[in-house]
Amino acid sequence: MNSLRPTHPKEVQEAVRSHPRLLPRGGGSKPALSSPKEGQVALELTGLSGVLEYNPGEYVVVARAGTALAELEALLRAHGQYLPFDPPFVGQGATLGGTVAAGLSGPMRNRYGGVRDFILGVEFVDGLGNLVRGGGKVVKNAAGFDLPKLMVGSLGRLGVLTELAFKVFPYPKATATLKVAFPNLGEALEALYRLAASPIELYALDLVPPNSLVLRLGGLPEALPARLERLEGFLGRRGERLQEEAEKAYWEGVRDLRDFGEGYLVKVALTPRHIPALEARLGAAPRRYMSAGHLLYLAWSGPVEALDEALRAEGLPGLILRGVVANPRIGLNSEGTFGLKVTAALDPEGRFERYAAPN
Amino acid sequence: MTPALRELEILFPKGLLHRPGELAPYESDALTAFRARPLAVVLPESHEEVVAAVRWCQKHRIPYVARGSGTSLSGGSLPVEGGIVIALNRMNRLLRLDPKERTAVVQPGFINLQVSLAAAPYGLYYAPDPSSQPVSTIGGNLAFNSGGAHCLKYGMTSNHVLGAKVVLPDGETASLGSESLEGVGPDWLGLFVGSEGLLGIATEVTLRLLPKPEAYHTVLAAYDTLEKAGEAVAAVVASGILPGAMEIMDSLAIEAAEAAVGAGYPREARALLIVELEGEAPEVEAEAHHLEQVIRSSGAYEVRVAQSEAERMKIWKGRKAAFSAVGRLSPDYIVQDGVVPRSKLGQALAEIERLSERYGLRVANVFHAGDGNLHPLILYNGRVPGELERAEELAGEILRLCVALGGSITGEHGVGMEKRAYMPEMFSPTDLEAMRRIRQALDPLELSNRGKMFPGGEPRPPSGPHPLERAGVIVRE
């Protein structure tokens, strides 16, 4: 397989200019998005690595796109900070660029938002080989088109990411988790809605089928015991408490989507309203609804067409992360001329994979 | 009346303004130094009527600007001379409010503050709170990605818009985003929000509502130097507390706010710091204890804690009124909203003070300290020949300063007409060219809000006293 490993943005520009079809690739933790097809040159970006700017007092970090999440996370942790969108696949070698291009966030996105809410700046090589910057390196900026957000979920189709700036936050000084089982899905969902509309601030609000909620609190250690009591009072039932190291290990496993077993690993964007109908369709597929029912990760062992159809029936878009497929985008794909025109503006010669809508 | 205008009149029998007296209120927005006379104003009442207006402009190759309440501080809703203003004030309805899913669907002319008022019975609110929120519209907030005092923790407008139905410059309708906080595929909505009306007009906007915090803890600290207030902010950040808002006002801004609304601020303070914690009651209580220690050791000579919601609102009233209050100190002012890295705040303020002396113009400072978003208000008198030009030059130096310190020319007001000449300070020709390609892909004739955001383009409209003022018909205090 033909592949290139640039170590400088200039080499990325040269690569784009000299190859008609390319597929950018980071750590390879999402093979459905990073396996080159016939005629595509793989652009290995792990050589474009390293943190460029980090001053903890600014809540901003700037790094090359090929930087491993694990490396960045270790640096942030050493200063009591973190990426609040809680990206998955840290342990599997995921990079910053791959995370942005795939548009992936994890369970703790529930507290402050997803990757789109924390990306501040971007540098990328467009389809003409131009090195383009958008956004900035400060926590607030409204100058120019918001190209950083545009890149979230772009799957490499608008350009090759070379540098990224993120807003970061202080990591909660203490965390605690409550696992609560309900008699049935309906009651679990009802509790999910009540919690999401309440002033209770949860770092994670996950629904684990068939009927459990897993809730993570974070903040000052002296307030946690009272908050756990209040949480149980609010729900009107007791839960299983996880604390200290066991709690941290539990969430690392959840965040890296480790317990899903074999099959296609799929992200679905949804709202909790869709959950009852989906539950009726997904059978035994391992799955977990995160961020108050707005983000579903599932493993699918059946034919991908069946899942595609199920998502279409519910009007939901899905993205296959693991498993070999012709097009990782399944389910609803309602992209219209807006997207086509913007894509043509940044990649007029069609060097990047477009994952066009099949319908 | 030209045939083209007659055609427009048929499309808008009850919603066309074209007589000079009718057009006057639309000639300017909150950047009052700029003015331009449009050919006509249309007042659509539906998505279809916006489509009709855009198609008419496309057919006749006439540029247009969509407008809400005209509160843009960057001249974003300034008309194009001889163009059309698509005023969205009649599209001002709340279409749906779903407390369970925590969303509100509104028309673009719906007022920001009204969203929170409508959501209040359900314990919900709409987070972005620009100071203009009692009058500014959601459509304008979306176009300019408006901010407010709570951006560090909760983000800007873009972080609270879930979806939008938009009219593209070719008259086609697009639906961007969804009701989910997550998405698959490029974030087209993320590009659209903050595009300053250059990529189309939103006619229906789905907003995300948040649960109202259970408790607030609002602290007002007075300092004898601006520097100490700035250091206090750094100390709060270093303590690991993430307040909902951190605001600083300097002595000139304090004086203005006191004169305007009598917020009860310590008048002799050189700087006031407002820090607000919010969240679950036990957490806020614990954080307040830590905050108290940080503020106590920050050199504040007076510290007040709001003991009631009324006291809290009073503290905020002064801050929110600061802009308009400065109008009492000076006939005219320019507001900048450059951003600097938080650690450079002290340096930036000292430099602004030096520039103020050099230009002989007073500068009041009110700023979102938590996110380094400055708001220097440059006071000038438009009737003194050359003073506006000096004020603009000073403003330009402040913008360059922000970029040189690693920041941005605008945190929340947008580029608009005002700052387009400074875009090259922040972006390279290649960056701007890529943005321009996106613009032209959607609007090859560059009709939609022509002349904004990008440097060059339309000549700058005339500035100076209003013609009616020059003629002695109106006077300013």
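Modeller: Please keep in mind that this is a predicted model. Let us begin with a sheet in chain B, an open one made of five strands with antiparallel pairing.

Colleague: In which order do the five strands of this open sheet in chain B lie?

Modeller: Strands of a sheet pair through backbone hydrogen bonds, either parallel or antiparallel. In this sheet of chain B the pairing is antiparallel, and reading across the five strands gives the order β5-β6-β10-β8-β9.

Colleague: Which strands of chain B are the edge strands, each pairing on one side only?

Modeller: Neighbouring strands of this sheet are turned against each other by 10° on average, with direction ignored. The strands that pair on one side only, and are thus found at the edges, are β5 (94–98) and β9 (173–177) of chain B.

Colleague: How many bridges join strand β8 to strand β10 in chain B?

Modeller: Strand β8 covers residues 161–167 of chain B and strand β10 covers residues 201–208 of chain B, and the two run antiparallel. As one example of how residues face each other here, Val161(B) stands opposite Leu207(B) in β10(B). The number of bridges that join β8(B) to β10(B) is six.

Colleague: Which helix of chain B lies across β8, β9 and β10?

Modeller: The helix in question comprises residues 47–60 of chain B, and it runs at about 140° to β10(B). The helix that lies across these strands of chain B is α3.

Colleague: Turning to the domains of chain B, how many residues of domain 2 are in contact with domain 1?

Modeller: Chain B is divided into domain 1 (94–211) and domain 2 (215–404), and 27 Å separate their centres, taken over C-alpha atoms. On the side of domain 1 of chain B that touches domain 2 of chain B there are three nonpolar, three polar and one charged residues. Seven residues of domain 1 of chain B take part, and the number from domain 2 of chain B is 10.

Colleague: Why can chain A be called as compact as a globular protein of its length?

Modeller: Chain A has 13 helices and 19 strands, and its C-alpha atoms fill a box of roughly 65 × 50 × 35 Å along the principal axes. For 359 residues the globule rule gives 21 Å, and chain A is as compact as a globular protein of that length because its radius of gyration is close to this value, at 20 Å.

Colleague: Which element gives the most to the side of domain 1 of chain A that touches domain 3 of chain A?

Modeller: Chain A is divided into domain 1 (3–170), domain 2 (174–255) and domain 3 (258–325), and 11 residues of domain 1 of chain A are in contact with 11 residues of domain 3 of chain A. The elements that give two or more residues to this side of domain 1 are α2 (31–34) and α5 (109–112) of chain A. With three residues, the element that gives the most is α2(A).

Colleague: Finally, which element supplies the largest share of the side of chain B that touches chain A?

Modeller: The contact between the chains takes 78 residues from chain B and 70 residues from chain A. Several elements of chain B each supply at least two residues of this side, among them α6 (151–154), β9 and α8 (226–238). The largest share, eight residues, comes from α15(B).

Note on methods. Residues numbered from 1 in each chain as written. Chains lettered and ligands numbered in written order. Predicted model: local features only at pLDDT ≥ 70, side-chain atom pairs only at ≥ 80, totals over all residues. Pairing = 2+ DSSP bridges. Helix = DSSP H or I, 4+ residues; strand = E, 2+ residues; numbered from the N terminus. Axes fitted to C-alpha atoms, helices over the stretch in contact; angles between N-to-C directions. Contact = placed C-beta atoms within 7 Å. Rg over C-alpha atoms; globule rule 2.2 N^0.38 Å. Domains from an automatic or database assignment. Nonpolar A, V, L, I, M, F, W, Y, C, P; charged D, E, K, R; others polar.
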